[in-house]
Amino acid sequence: MATTLMMIGKSDSKVKAMSLMGVVLLCCFLGFGVESVEGQVHHVVGDDRGWDSASDVASWAAGRVFRVGDFLWFTYSGALDNIVELATKEELESCDLTNPIRMYTDGLDKLPLEQEGSRYFASGNHESCKKGLKLPINVVPKWVMPETEIKRLPTSEKASLAATPTSPPSGSSKIRGPMTVLFGIMMLCYAFVL
């Protein structure tokens with residue numbers, strides 16, 4: 001009977017250890033999920049003024065970095081204006097609104113920046129576009145450090161940055177630290193079971 005109780009006690013500790021390992025794994029996976037979201041930036045075009053002919057969207061955009069995975073939010077009066085996305089810089093500069101690739105008319109539009117490259121937005125009202133209500137943006141990959149940030153670095157850091165590769169780190173190097181911690185916790189749980 002005593003042997004049976006000892007086996008039940010040992011079995012309970014195994015169950016507790018396995019439960020603890022399950023909780024640790026769940027926390028790690030949740031942590032990895034948050035990591036992919038925390039890099040997103042939601043850019044509200046024109047800040048408090050929104051997309052309006054009185055706001056200076058060119059100044060608003062100056063110095064901002066738009067990355068893949070970010071979002072652009074356009075807020076405007078849908079009854080008075082709309083937004084067109086144009087294919088070329090020439091169309092934007094000349095306010096040629098005759099052949100837009102997309103039109104936004106809701107008054108509150110959330111646009112995902114899903115790929116790198118240039119995008120061109122203009123007011124659907126030709127007069128507003130001519131007065132400067134247009135926005136060219138350049139979407140960069142998530143991992144690129146823009147020139148404006150590089151210029152702010154001390155000279156010694158610029159030299160070391162130039163010596164480093166420009167490609168993003170591999171996924172395995174991002175996971176190595178957390179996986180080591182996870183392995184250590186699992187080993188501690190196993191030690192408690194024995």
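Two bridges join strand 2 (residues 66-67) to strand 8 (residues 134-140), and the two strands run parallel; strands are DSSP runs of E with at least two residues, helices are runs of H or I with at least four residues, and both are numbered from the N terminus. Two strands are taken to pair if DSSP finds at least two bridges between them. Within this pairing, Phe 66 stands opposite Val 139 of strand 8. The model is a predicted one, in which local features need pLDDT of at least 70 and side-chain atom pairs count only at pLDDT 80 or more, whereas totals for chains, interfaces and linings use all residues. Residues are numbered from 1 along each chain as its sequence is written, and side-chain values use heavy atoms, with hydrogens and water left out.

Strand 8 is also joined to strand 7 (residues 117-123), here by 6 bridges and in antiparallel orientation. Strands of a sheet pair through backbone hydrogen bonds, in either a parallel or an antiparallel manner.

A further element of the fold is an open sheet of 3 strands, with the order 1-3-6 and mixed pairing. Its edge strands are strand 1 (42-44) and strand 6 (108-112), each of which pairs on one side only. Neighbouring strands of this sheet are turned by 20° against each other on average, direction ignored; the axes are lines fitted to C-alpha atoms, for helices over the stretch in contact, and angles run from 0 to 180 degrees between N-to-C directions. Strand 3 (residues 71-75) and strand 6 run antiparallel and are joined by 5 bridges. In strand 6, Asp 109 is the residue that stands opposite Phe 74.

Over the protein chain as a whole, 7 helices and 8 strands are present. Of the 194 residues, 27% count as buried, where buried means under 20% relative accessible area, exposed means over 50%, and partly exposed lies in between (1.4 Å probe, protein chains only). The accessible surface of the chain comes to about 12,800 Å², of which 62% belongs to carbon and sulfur atoms; the areas come from the Shrake-Rupley method with a 1.4 Å probe, and for residues only the protein chains shown count as cover. Among contacts (heavy atoms within 4.5 Å) between residues at least 6 apart in sequence, 68% join residues at least 24 apart.

A search of the whole structure finds 3 salt bridges, defined as a side-chain nitrogen of Lys or Arg within 4 Å of a carboxyl oxygen of Asp or Glu. Side chains of opposite charge can pair when their charged atoms come close. Glu 85, Arg 102 and Arg 119 are linked in a network of salt bridges. Between Glu 85 and Arg 102, the closest N and O atoms are 3.1 Å apart. Glu 85 lies in strand 4 (residues 83-86) and Arg 102 in strand 5 (residues 102-104), so this pair ties together parts that are 17 residues apart in sequence. In the salt bridge of Arg 119 with Glu 85, the closest N and O atoms are 2.7 Å apart. This pair links distant parts of the chain, with Arg 119 in strand 7 and Glu 85 in strand 4, 34 residues apart. Glu 85 is buried, at a relative accessible area of 3%, and Arg 119 is likewise buried, at 14%, whereas Arg 102 is partly exposed, at 41%.

Another salt bridge is formed by Arg 64 with Asp 47, whose closest N and O atoms are 3.4 Å apart. Arg 64 lies in the loop between helix 2 and strand 2, and Asp 47 in the loop between strand 1 and helix 2, so the pair ties together parts that are 17 residues apart in sequence. Arg 64 is partly exposed, with a relative accessible area of 32%, and Asp 47 is partly exposed as well, with 41%.

Two individual residues were examined further. Arg 49 lies in the loop between strand 1 and helix 2 (57-61) and is exposed, with a relative accessible area of 55%. Residues up to four places away in sequence not being counted, Arg 49 touches Ala 54 and Ser 55. The C-alpha atoms of Arg 49 and Thr 75 are 8.5 Å apart in space, while the two residues are 26 residues apart in sequence. Ser 128, by contrast, is located in helix 4 (residues 126-130) and counts as buried at 13% relative accessibility. Apart from neighbours within four places in sequence, Ser 128 is in contact with Ser 53, Ser 123 and Leu 133.
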